[in-house]
Amino acid sequence: MKKQKLFFFLGAIVIVGLSVGTYGIYMYFKTHDDLSKVRPDFVMTARAILSEFEMDEAAASVRYISKVIEITGPVESVEIGSDSTMNVILKDPGYTSGVICSFQGRNIGEMDVKKGSIATIRGECSGILFDVLLNNCVLIGN
């Protein structure tokens, strides 16, 4: 009887371990949705989202985090990393905070985003530190 309980217990542990491991591998290799084909949850200016986070960060976090947002604003800077990443910072003149839009992929060098232009970018909001952060971004208009 004790051997049956031990065998059942060890079998359950193995099954749970394999399930957790499989799920972890799935999440690690999961590709992100192509946000150029996703309808945004919110369409707004960089100034508008910054104002909402400045007025009530907790409420804005609940409303925007993990949502697809389409932001339009002036490009303050474009930073291209060595690891196929690019950050475009949308910031109105006179503001200390902005919206950091992170792009990933091989074709970022082909994107024509210049400092001083007005860009429309769609991405998934991940919150605010000093700036509002959008990940998995795609350029909608320039």
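## Close-up views of a predicted model

**View 1. A salt bridge joins the side chains of E52 and R63, with a distance of 3.4 Å from N to O.** The pair links distant parts of the chain, because E52 belongs to helix 2 and R63 to helix 3, 11 residues apart. Helices and strands are DSSP runs numbered from the N terminus, where a helix (H or I) has at least four residues and a strand (E) at least two. A salt bridge is counted when a side-chain nitrogen of Lys or Arg lies within 4 Å of a carboxyl oxygen of Asp or Glu, and by this rule the count comes to four salt bridges. E52 is partly exposed because its relative accessible area is 23%, and R63 is also described as partly exposed, at 41%. In these legends, buried means under 20% relative accessible area, exposed means over 50%, and partly exposed is what lies in between, with a 1.4 Å probe and protein chains only. This is a predicted model, in which local features need pLDDT of at least 70 and side-chain atom pairs count only at pLDDT 80 or more, while totals for chains, interfaces and linings use all residues. Residues are numbered from 1 along each chain as its sequence is written, and side-chain values use heavy atoms, with hydrogens and water left out.

**View 2. D92 and R47 meet through their side chains in a salt bridge of 3.0 Å, N to O.** Because D92 lies in the loop between strand 3 and strand 4 while R47 lies in helix 2, the pair ties together parts that are 45 residues apart in sequence. D92 is buried, since its relative accessible area is 13%, whereas R47, with 40%, is partly exposed. As a general point, side chains of opposite charge can pair when their charged atoms come close.

**View 3. E70 and R122 form a salt bridge between their side chains, at 2.5 Å from N to O.** E70 is part of strand 2 (residues 68-80) and R122 is part of strand 5 (residues 118-128), so this pair ties together parts that are 52 residues apart in sequence. E70 counts as buried because its relative accessibility is 12%, and R122, at 9%, counts as buried too.

**View 4. Ring pairs link F42, F53 and Y64 into a cluster.** Rings of Phe, Tyr and Trp (for Trp, the six-membered ring) pair if their centres lie within 6.5 Å, and planes under 30 degrees apart count as stacked, over 60 as edge-to-face and the rest as tilted. The structure holds two aromatic pairs. In one of them, the ring centres of F42 and Y64 are 4.8 Å apart and the planes stand at 70°, so the pair is edge-to-face. This pair links distant parts of the chain, with F42 in strand 1 (residues 42-45) and Y64 in helix 3 (residues 57-64), 22 residues apart. F42 is buried, with a relative accessible area of 18%, and Y64 is buried as well, at 0%. The rings of F53 and Y64 have centres 6.1 Å apart and planes at 40°, so that pair is tilted. It too links distant parts of the chain, since F53 sits in helix 2 (residues 46-55) and Y64 in helix 3, 11 residues apart. F53 is buried, with a relative accessible area of 2%.

**View 5. K91 sits in the loop between strand 3 (85-90) and strand 4 (99-104).** K91 is buried because its relative accessible area is 17%. A polar atom of the K91 side chain lies 3.3 Å from the backbone oxygen of T96. Leaving aside residues up to four places away in sequence, K91 touches P74, E76, T96, S97 and G98, where contact means heavy atoms within 4.5 Å.

**View 6. T22 and L10 are both shown in helix 1, which spans residues 2-29.** T22 is exposed because its relative accessible area is 53%, while L10, at 46%, is partly exposed. The side chain of T22 reaches the backbone oxygen of L18 at 2.8 Å. Between T22 and A58, 36 residues apart along the chain, the C-alpha atoms are separated by 34 Å.

How values were computed: A polar contact is a pair of N or O atoms within 3.5 Å; within protein, one must be able to donate a hydrogen and the other to accept it, and residues adjacent in sequence count only if both atoms are side-chain atoms.
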